[in-house]
Amino acid sequence: MNLTLHVWRQAGPAAEGRFVTYQAHDISEDMSFLEMMDVVNEELIQKGELPVAFDHDCREGICGSCSMMINGVAHGPQRGTATCQLFMRHFHDGEEIWVEPWRARAFPVIKDLVVDRGALDRIVAAGGFITAPTGGARDANNILVAKTAVDEAMDAAACIGCGACVAACPNGSASLFTGAKISHLGLLPQGQTERYRRVIDMVARMDEEQFGGCTWHGECQEACPKEISIDVIARMNRDYLKAVWMQRDGGDGGGEE
Amino acid sequence: MELNSRIPDGPIERKWDKHRFDMKLVNPANKRKFTVVVVGSGLAGASAAASLAELGYNVKCFCFQDSPRRAHSIAAQGGINAAKNYQNDGDSVWRLFYDTVKGGDYRSREANVYRLAELSVNIIDQCVAQGVPFAREYGGLLANRSFGGAQVSRTFYARGQTGQQLLLGAYQALERQVGLGRLRMYPRTEMLDLVVIDGRARGIVTRSLVTGEVESHPADAVILATGGYGNVFYLSTNAKGSNCTAIWRAYKRGAAFANPCYTQIHPTCIPQSGEHQSKLTLMSESLRNDGRVWVPKQKGDRRPPDQIPESERDYYLERMYPSFGNLSPRDIASRAAKRVCDEGRGVGPGGLGVYLDFADAIKRLGEQVIRERYGNLFEMYERITNDNPYKVPMRIYPAVHYTMGGLWVDYNLMSTIPGLHVGGEANFSDHGANRLGASALMQGLADGYFVLPATIGDYLGANKLAPVDASHPAFRDAERGVAERTRRLLSINGKRTVDSFHRELGKVMWDYCGMARNEAGLRHALERIPQIREEFWRNVNVPGSDAELNQALEKAGRVADFLELAELICTDALHRRESCGGHFREESQTPDGEALRDDEHFAYVAAWAYAGDGNAPVLHKEPLEFEHVHLSQRSYK
Amino acid sequence: MASHIAVPARRGAALGRIGAFWRSTIGKKIVMAATGLIMVAFVIVHMIGNLQVFVSPQKINGYSYFLHHIIGELLWVARVVLLVSVVLHIVAAYQLTRLDRAARPVGYARKTPQAATVASRTMRWGGVALALFIVFHILHLTTGTIQPVPYTEGDVYANLVGGFQVWWVTLIYVLAMIALGLHMFHGGWSSIRTLGMSQPQRQPLRRPVAFTLAVIVWIGFTCVPVAIFFFGLGRGR
Ligand SMILES: Cc1cc2nc3c(=O)[nH]c(=O)nc-3n(C[C@H](O)[C@H](O)[C@H](O)COP(=O)(O)OP(=O)(O)OC[C@H]3O[C@@H](n4cnc5c(N)ncnc54)[C@H](O)[C@@H]3O)c2cc1C
Ligand code: HEM
Ligand code: HEM
Ligand code: SF4
Ligand code: F3S
Ligand code: FES
């Protein structure tokens, strides 16, 4: 099939960006969206032009590198699918496709479709962990975890940190990402001791990074390649409220619940 | 160069304990005076960086992705082995040790493998403490599954995302140290050279992939944990960015490269769908627990699978290897697949594929159970192929997956350059000539959490290191070298894209140095590779500038290194006239086509030393003694 | 690398508990949800009160008398609570809206909503409309400052019937009630989640309860002006 692409090109962080139109010729439907972009880039290079820069690595939908806004939908039309796992069979011959980078104040554009998602790492650095220095762990089977709990935790832990939730959210909110980590750790017995200081610290960091708030549009859940539910946001709010209520602001929440 | 493996003496069960006692310590107050550079944020790198920072060292960690969490370890699916014997099915440290040595076709170092098996137990404890959501039984205890090459159930897993969950555990520990200001993370930063001063590794030179800025990072010790080089074949299950640059530059600075030809071809990958293919996708080996591998009995049978009656199907793994059946080790399963396809019994377009069929398992356990176990893998398969594996059998074919070879290291994981340590897939490691499933995650974490933090301390405690800083001429030279090379790549302005060269190289490697190798083919490859390399440096087209994010330039540098490494791989493959594990020399096979080792002549580690461009690399041999596992023709029949 | 600076630990503690709470987006959101729910409660009670107009003039006037003279002080308590709620609700709404806007300085050329509803996307303008309505409404029926028809202190029935003879008054009310319905359809559902009181669900985006509630309130209010304007309720008098 042949396609018309309108791709956001931006030389650098400070540079002005604009859409440039490209033709993608005889694209096979077994190509992934990124392989289609490869074809376009090969042609550009042959013509002595600069290829379109975009983040990608695993191309298996797990590393969270790829990040394209395709026709106004983060990661494109197929639900629960990262850009690299989106195949061209979901498009039709002659279709026009708009490709844009993630857009958020916290995600400055570095070049073309590449943005800086370091803010997500900093949210994790603020508290998205269980303090368990190497060594001194007790036997794994001494900690019993209900299957239901671990399954729920795993649903949240599946987050690949792609930032599509932020990109899709009309408020540029990182609530789904942050809520997912808080839920993953907060649902496990190992995560209880730091549960409340964790939520206070991560939320504070999230705000400092200038992500927006959540007004419950639900766009993030639809865009999430791991289909993480907005229930994790409710859980984050609950823990946050508890943390403040129990004077656990940054305090060392005891292991209750 | 002498290869001193520094294996502690004493009985094998006591070696590591004893060694830990004998090792020098650094007093806590002094630790922060030492800078340790860790290149790589995968399982090995992240766990080492976090653990060293926890100990109080001043750590700098580098990765080329935009976040340490994206290291290729994230893609590991199936699981991680540990000799916990939670299933009470007769597992033990000894058995894991034995299985790994045997699985590696008796080409690994007993002492290292034993230590690995010992530490496997602590890894699971550590990861659970960090909140890794391993699968559980209803009672709340940890669940296990079986993996290729083992008859016990010792594999721990988190759905089909084990590597992701383990890496996130290590990544979170790492970010915690970042938050505490004890560790500095450098994402989107590529190591382009190693700096050696007075015979010791004293730092690295990097290039920022965002600004192009070339920078020196002096250090007291350097750890490379930069992963495998499977992408030398262009098509592999590795991430697009996986590369050999870091270890190759170290090799050129004097680190010996061990067993480069030991590459693992994974039997269960999604077959290539066309020329445009940019990478191959693995379908976790764990699928072989419940899937049955088969092809039609007669050649060129083009009927759809459901129309081929049982009687006309050949479940060849179950037929050829009754005791291990569908769970026979990777090298064996891959070659068997190649064989049936060469016989013209392959399925799917081009006849390059075999069926992995879940019909029986679904009948036996019900679709729900199968969905529980492999749901996300099935989805991934359907996304890519547009077939529903609950209804039609999967089509799979072997693909390059893992490289057992890597930089040579001693028992302390130190290379032949003092101060340069290597962990994870980047070292030649504990897997011999073939790695068993679920053992790489185990090795990466054993290296990073437990071995390196101890041995780095020993190195720093035992040696008096003169202070160096970035103004040292050695750094200046390295920086100049890096800038110069980049400038050269940009100034060629030829006709061909980097990818076209990479594809060409990959094809040569796959055809002549792939699943089956022979003298003539390897000699041919050794002619072709220098030709491709020569054209590359004459005719490659790398657009853009050096002072910006330039992905074409990144690729070019990596492919340039692959073009050199490929030659070493073939040289090693040619010299090793035996078949062992992943290295199959057609000249050396049993009557029924199994790999035939030649222990008399080849029971050694082949460590190659760089001897300057244009000169043949020098071979050094580390003989392998086997006191505990007695050498035998590997059989899974 | 800038994107990996050390994170100052223990932030929340720095500013006092309440301060930190109010400064955080979640804190503000929780305030909105709480005040919003107070208003929801009021609106429902208020609606029931209004429906007495269908019983008899005496009934509703009596109700008003009850409010103003029997429980006098309590009324002021209620007024204060409501006033505080409205103010907090509006301030939080305003500040959050600014933050949310700032979070995406450059918009998309194409943006195809996947889940956002009309209700969720009109919370802000709908809110503003409600604010204006409430002011107008109080000036109209409580203080009698705005007098489409002469206002009689205490005779709620007359004021209603009189007021809703005038087409534009009725129009304002009918439109305002649409804004209210939408606002409650989204708000009634989202506030429960904001407060973390919701249970995990298969499809969290389905919201039957909020929907029914919104419809009831919408009809419950709208029927009064409609009945008076179109069906001549109380013309006889
Ligand atoms: C699809 C797939 C599935 C797998 N499944 C399993 C499994 O189920 N069980 C199992 O045991 N093993 C599995 N493996 C193997 C295992 O995942 C890897 O061997 C292991 O994760 C390697 O980890 P590592 O830390 O050594 O390297 P990696 O995780 O590859 O990390 C490499 C790091 O080095 C950095 N780096 C590389 N080059 C440079 C440079 N020049 N400069 C700066 N940084 C650099 C990268 O940014 C990255 O952070 C699988 C492998 C693949 C490909
Ligand atoms: C058709 C719809 C409505 C009708 C017919 C109506 C009618 C009335 C009447 C008759 C009064 C005066 C009561 C009295 O003085 O005894 C009143 C007061 C009031 N109404 Fe409404 N109302 C309507 C909708 C609303 C809505 C949607 C809100 C809020 C969002 C609202 C908020 C108020 C308030 C705050 C007062 C003042 C109460 C007080 O302090 O005395 N009304 N309304
Ligand atoms: C007085 C003028 C009002 C304004 C300006 C206003 C504004 C808003 C805005 C902008 C929101 C969503 C913003 C966000 O979620 O961040 C909101 C939410 C809400 N509003 Fe209002 N509103 C007003 C009146 C009301 C009334 C009268 C009610 C009750 C009937 C109400 C109930 C709610 C509820 C329950 C929410 C949901 C809060 C949440 O999502 O957690 N609001 N309001
Ligand atoms: S929550 Fe979903 S969308 Fe957001 S970062 Fe994680 S995986 Fe991506
Ligand atoms: S889209 Fe945004 S508003 Fe909340 S529900 Fe998701 S974060
Ligand atoms: S490239 Fe890794 S998730 Fe898409």
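User: OK, contact means heavy atoms within 4.5 Å. With that, among contacts in chain C between residues at least 6 apart in sequence, what percentage join residues at least 24 apart?

Analyst: 68% of them do. Keep in mind that this is a predicted model.

User: And how many helices and strands does chain C have?

Analyst: Nine helices and zero strands, so read along the sequence the pattern is α-α-α-α-α-α-α-α-α. The C-alpha trace of chain C spans about 80 × 45 × 35 Å along its principal axes. Of the 237 residues in chain C, 43% are buried.

User: Switching to the metals. Which residues coordinate the iron atom of ligand 2?

Analyst: C:His46 and C:His137, each through NE2, at 1.9 to 2.1 Å. C:His46 sits in helix H2 (residues 25–51) of chain C and C:His137 in helix H6 (residues 123–142) of chain C, so the pair ties together parts that are 91 residues apart in sequence.

User: Why is the arrangement around that iron atom of ligand 2 octahedral?

Analyst: Because the six donor atoms subtend angles of 83 to 178 degrees. For six donors, octahedral needs opposite ones over 155 degrees apart and all others between 65 and 115.

User: Is C:His137 buried or exposed?

Analyst: C:His137 is buried, at a relative accessible area of 17%, while C:His46 is partly exposed, at 25%. The cut-off for buried is under 20%.

User: What about the iron atom of ligand 3, which protein donors does it have?

Analyst: C:His89 and C:His183, again via NE2, 2.1 Å from the iron. C:His89 is in helix H4 (residues 72–102) of chain C and C:His183 in helix H8 (residues 167–194) of chain C, 94 residues apart, so this pair links distant parts of the chain. Both histidines, C:His89 and C:His183, are buried. Six donor atoms subtend 85 to 179 degrees around the iron atom of ligand 3, which makes that arrangement octahedral.

User: Now chains A and B. At what angle do the axes of H2(A) and H6(B) cross?

Analyst: Roughly 85 degrees, with the axes coming within 7 Å; the two helices are therefore roughly perpendicular.

User: Which residues meet there?

Analyst: From H2(A), A:Leu120, A:Asp121, A:Val124 and A:Ala125; from H6(B), B:Tyr171, B:Gln172, B:Glu175 and B:Gly179. They divide into four nonpolar, two polar and two charged.

User: Last one: what covers the buried residues of H3(A)?

Analyst: The cover includes helix H5 (175–186) and helix H8 (231–245) of chain A, plus H6 and helix H11 (367–385) of chain B. Among the buried residues of H3(A) are A:Lys147, A:Val150 and A:Met154.

Note on methods:
Residues numbered from 1 in each chain as written. Chains lettered and ligands numbered in written order. Predicted model: local features only at pLDDT ≥ 70, side-chain atom pairs only at ≥ 80, totals over all residues. Heavy atoms only, no water. Donors = N, O, S within 2.8 Å, 3.2 Å for Na, K, Ca; no water. Tetrahedral: all angles 85-135°; square planar, octahedral: opposite > 155°, others 65-115°. Helix = DSSP H or I, 4+ residues; strand = E, 2+ residues; numbered from the N terminus. Buried < 20%, exposed > 50% of the residue type's maximum accessible area, 1.4 Å probe, protein only. Axes fitted to C-alpha atoms, helices over the stretch in contact; angles between N-to-C directions. Parallel < 35°, antiparallel > 145°, perpendicular 65-115°, else oblique. Nonpolar A, V, L, I, M, F, W, Y, C, P; charged D, E, K, R; others polar.
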